[in-house]
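Work through the exercises below with the model open. Try each task before reading its solution.

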Amino acid sequence: MDSINNQLPSIKQLQCFLAVAQELNFRRAAERLCMTQPPLTRHIKCLEEIIGCDLFARNTHEVHLTDTGLLLVEKATYLISELALFMREIKSEKAHLRIGLTRTLNFDNISEFGNKIKTLMVEDEIDTQHLTSNQLLQFLSKGQMDIVITGERSLHSEHDFEFHWIYREPLLLAMPSVHPCSLQEKVSFTDVSELPLFWFSRNSNPVFYDKCENYFQQLPFLLKRRKEPDDSLMMLSSIARGKGMALMPRSMCTFNQEGLCYRELTDDVAQCLNIDVYAATRKNETREVVMNGINSLLGGTSVPQFNEQQI
């Protein structure tokens, strides 16, 4: 078989494809890859021409993988993982730590913990990927990452992973600024009971989902829900127009728009609704580079401080 074939996809094309497949959003995928959207779109179009069929079905609002796209995800992940393994093997003399961060939080706005991550990321010795907690744990279980930072523990993976508690991220309520309760410093769900809550699928993070649902079931009224769109800016724009509200990690409350505000939850609600953040490793992990990384993340003071944003 001819090993020199100009009709084969490039590694860059496959990496671009996997980023879009994971995000199902071209803008977020481009941000992850540190590139603009037009060249990313060209890479995907070129890859589709090489494959000979569409990999994504897309319209103005949504992106979905086609059947061929789903097949390519498995193949491309395997190929890139094998190449990454080979690169690690030939550089085995150099300690190389692979760390993944949940995209649920903005670690740049959690100063102390964010600084610890940046301290570890010296001379590009650490690969960093921003995925959902479930995706991160899948990469960890396959040996494709060494440490992952997740929101909440995994439901069924205690026997596979070791979870190290880091800190508790508060949640704020994104709400319309025209609502009378926006004048309050802290808000409860009773105060805004007429507003529907933008809500996500349980598959994204079952433990956090269940934590919130357990609280919602104790409310003396039925909390109305709206499907959370893939694009968070679209959701926040809808909230600014009075179309609902959303629970958001404090570190992610940085987008400002007329008609939108962020308010703290009342103390009784905040005690129930929050995100416990963990650093996870594989069970019985003993490699020095990994344990040093964990010790670095856990060392120092107990609770990272948030970079104050105007709310």
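Buried means under 20% relative accessible area, exposed over 50%, and partly exposed in between, with a 1.4 Å probe and protein chains only. The model is predicted: local features need pLDDT of at least 70, side-chain atom pairs count only at pLDDT 80 or more, and totals for chains, interfaces and linings use all residues. Residues are numbered from 1 along each chain as its sequence is written, and side-chain values use heavy atoms, without hydrogens and water.

**Exercise 1.** Classify the ring pair of Phe-17 and Phe-56.

Step 1. Rings of Phe, Tyr and Trp (its six-membered ring) pair if their centres lie within 6.5 Å; planes under 30 degrees apart are stacked, over 60 edge-to-face, the rest tilted. A search of the whole structure finds 12 aromatic pairs.

Step 2. Phe-17 and Phe-56 are 5.5 Å apart, centre to centre, with 50 degrees between the planes, a tilted pair.

Step 3. Helices (H or I, at least four residues) and strands (E, at least two) are DSSP runs, numbered from the N terminus. Phe-17 lies in helix α1 (residues 11-23) and Phe-56 in strand β1 (residues 56-58), so the pair ties together parts 39 residues apart in sequence.

Step 4. Phe-17 is buried at 0% relative accessible area. Phe-56 is buried too, at 3%.

**Exercise 2.** Do likewise for Trp-199 and Phe-216.

Step 1. The centres are 5.3 Å apart and the planes 65 degrees, so the definition makes this pair edge-to-face.

Step 2. Trp-199 sits in strand β8 (residues 197-199) and Phe-216 in helix α7 (residues 206-216), 17 residues apart.

Step 3. Trp-199 and Phe-216 are both buried.
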